[in-house]
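Please look through the sequence and the 3D view below before reading the report, and keep both at hand while you read.

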Amino acid sequence: MMPVRRSQNWLPGIFNDFFGNEWMEKATATSPAINIMETEKGYEVEVAAPGMTKEDFNIHIDDDNQLVVSMEKKQEHKENNKHGRYLRREFTYTQFQQNMILPDNIDKDKIAAKVEHGVLTIDIPKKEILPETKGTKKIEVK
């Protein structure tokens, strides 16, 4: 029996078609899981990042108004015997980058991020839209 890798790529397509989530596309199949929640006041992006610390992340907004989230972790584990021969040698390298097109209604200056319990949380607040005052406004002719 051959192992089969099943892909559920149709699911994001359905949500993009019906809910307009095209502002975020999955980079690769090995990317960490990402949750996005919208509230009245903003968006909350959660990235699964077990074993990562805040020093492993780089988050910025590029010239194309995309939120770029990248992480990189390189570890080297060595176990030697007393004669200097390798009994076991492992290298672990993790790298990830995700670009998300930001909606026009966000306040870029108030974006914040934190790492807790293996989850990177990015808070993206929406701009406050002041209600228009109704009524008549007189414009003077000069």
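This is a predicted model: local features need pLDDT of at least 70, side-chain atom pairs count only at pLDDT 80 or more; totals for chains, interfaces and linings use all residues.

Residues are numbered from 1 along each chain as its sequence is written, and side-chain values use heavy atoms, with hydrogens and water left out.

**The chain as a whole**

The chain contains 1 helix and 7 strands, where helices (H or I, at least four residues) and strands (E, at least two) are DSSP runs numbered from the N terminus. Along the sequence these elements follow the pattern α-β-β-β-β-β-β-β. Of the 142 residues, 24% are buried; buried means under 20% relative accessible area, exposed means over 50%, and partly exposed lies in between, with a 1.4 Å probe and protein chains only. Among the contacts with a separation of 6 or more, 48% join residues 24 or more positions apart, a contact being heavy atoms within 4.5 Å.

**Salt bridges**

Side chains of opposite charge can pair when their charged atoms come close. The structure holds 2 salt bridges, each defined as a side-chain nitrogen of Lys or Arg within 4 Å of a carboxyl oxygen of Asp or Glu.

| Lysine | Partner | Closest N and O atoms |
|---|---|---|
| Lysine 126 | Glutamate 38 | 2.7 Å |
| Lysine 110 | Aspartate 107 | 3.9 Å |

Is lysine 126 buried or exposed? Lysine 126 counts as buried because its relative accessibility is 18%, whereas lysine 110 is exposed, with a relative accessible area of 54%. Leaving aside neighbours within four places in sequence, lysine 126 is in contact with several residues, including Thr39, Tyr43, Asn105 and Ile106.

**Asparagine 58**

Asparagine 58 is found in strand E3, which covers residues 57–61, and it counts as partly exposed because its relative accessibility is 41%. When residues up to four places away in sequence are not counted, asparagine 58 touches Val68, Val69 and Ser70. The C-alpha atoms of asparagine 58 and glutamine 97 are separated by 9.2 Å, and these two residues are 39 residues apart along the chain.
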